[in-house]
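Hi,

Here is the structure I said I'd pass on.

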Amino acid sequence: MSATKKVEEALANIREAEKSLKTGLLKWNPDFDEAADYYNKAAMCYKTARQHQQCVQCFIKASDNYKICKSLFSAAKALEHASVISKEMGEFDMVAQLAERACKLYRDNGTVDTAATMLDRAAKIIEGTRPQRAVDLYKQAVDIALCEGQPRRAADYQTKLCRLYVRMQMYNEAASAIRTNMTFFRDGDYDAPIGRECVALVLVQIARGDHVAGEKAFKEWGHYCAPEEVGTLTQLLEAYDEQDGDAARRCLKSPFIRSMDVEYSKLARDMQTPASKKEEDSNGAGNGGASGAQDGAGDEDELDLC
């Protein structure tokens with residue numbers, strides 16, 4: 001069916017929706033449920049016709065009418081559809097706003113897991129263009145999961161929040177978030193990921209320029225690490241403590257660090273390392289050579305003066 005026919009079908013549904021809301025001598029009360037269904041149908045027609053602006057408006061009207069007649073799940077679902085369509089329009093602020101409204105309706109309806117999932121999906125959509133807004137959505141999803149007594153689910157959302165902080169180079173916030181995430185895994189009796197989280201925390205602390213804080217984190221959480229992780233982190237921290245750049249770079253190129261989430265592997269790849277002894281000797285020799293050349297030039301000047 002052509003886009004024109006779908007638009008005509010959408011307009012016909014809108015007229016029926018408006019008719020459902022009208023009252024008269026023989027109809028004292030508007031039929032909000034029927035109007036909502038017609039607006040929903042109109043929105044789907046506009047979606048097929050790729051008339052995104054009109055589609056979003058109809059989904060919002062459908063939600064408003066569903067809400068009036070206490071069909072909260074349907075009201076939330078309509079806003080969820082509107083949020084997804086807003087992505088196609090590049091309206092990323094609208095994506096977040098509609099997701100939050102849908103989340104509230106899902107929670108009021110008692111479908112709390114769906115509410116958190118809604119925020120998670122919206123955050124994933126906007127994190128590339130509105131990272132700080134995505135941070136807010138992930139935090140709300142974490143809070144919902146914790147309120148429901150689901151620490152492992154909270155850890156899933158917190159993990160995404162940690163990665164986003166690292167991508168934004170907000171290392172102080174990332175360190176705090178990773179530490180919190182390890183407690184979520186521990187409280188959820190899910191110890192397996194804690195070792196990798198400990199590696200991530202050490203990397204972030206070093207990126208902050210505080211390898212001593214990395215040592216403290218390793219002492220606190222290192223017993224969750226696998227033997228390979230323990231060995232690499234021990235060598236890495238010793239390298240920074242001894243200012244051995246060559247050793248530090250070898251550790252940061254270890255296979256298991258490269259296999260971590262992309263944000264952490266990039267962090268390790270781009271991390272500043274101490275200057276190696278060869279580099280220091282080279283720089284010293286270069287300066288000494290320059291100094292010697294200057295001294296020689298001075299001697300020649302003195303000879304010329306004579």
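Below is what turned up, from the whole chain down to single side chains.

First, the ground rules. This is a predicted model, so to speak of local features pLDDT has to be at least 70, side-chain atom pairs count only at pLDDT 80 or more, and totals for chains, interfaces and linings use all residues. Residues are numbered from 1 along each chain as its sequence is written, and side-chain values use heavy atoms, with hydrogens and water left out.

The protein chain has 16 helices and 0 strands (DSSP runs numbered from the N terminus: H or I of at least four residues for helices, E of at least two for strands). Of its 306 residues, 41% are buried (under 20% relative accessible area, with exposed over 50% and partly exposed in between; 1.4 Å probe, protein chains only).

Phe 73 and Tyr 106 make an edge-to-face pair, because their ring centres are 5.5 Å apart and their planes stand at 65°. Phe 73 belongs to helix α4 (residues 72–89) and Tyr 106 to helix α5 (residues 92–109), so the pair ties together parts 33 residues apart in sequence. Phe 73 is partly exposed at 37% relative accessibility, while Tyr 106 is buried at 0%.

Cheers

Key:
Phe/Tyr/Trp six-rings, centres within 6.5 Å; stacked < 30°, edge-to-face > 60°.
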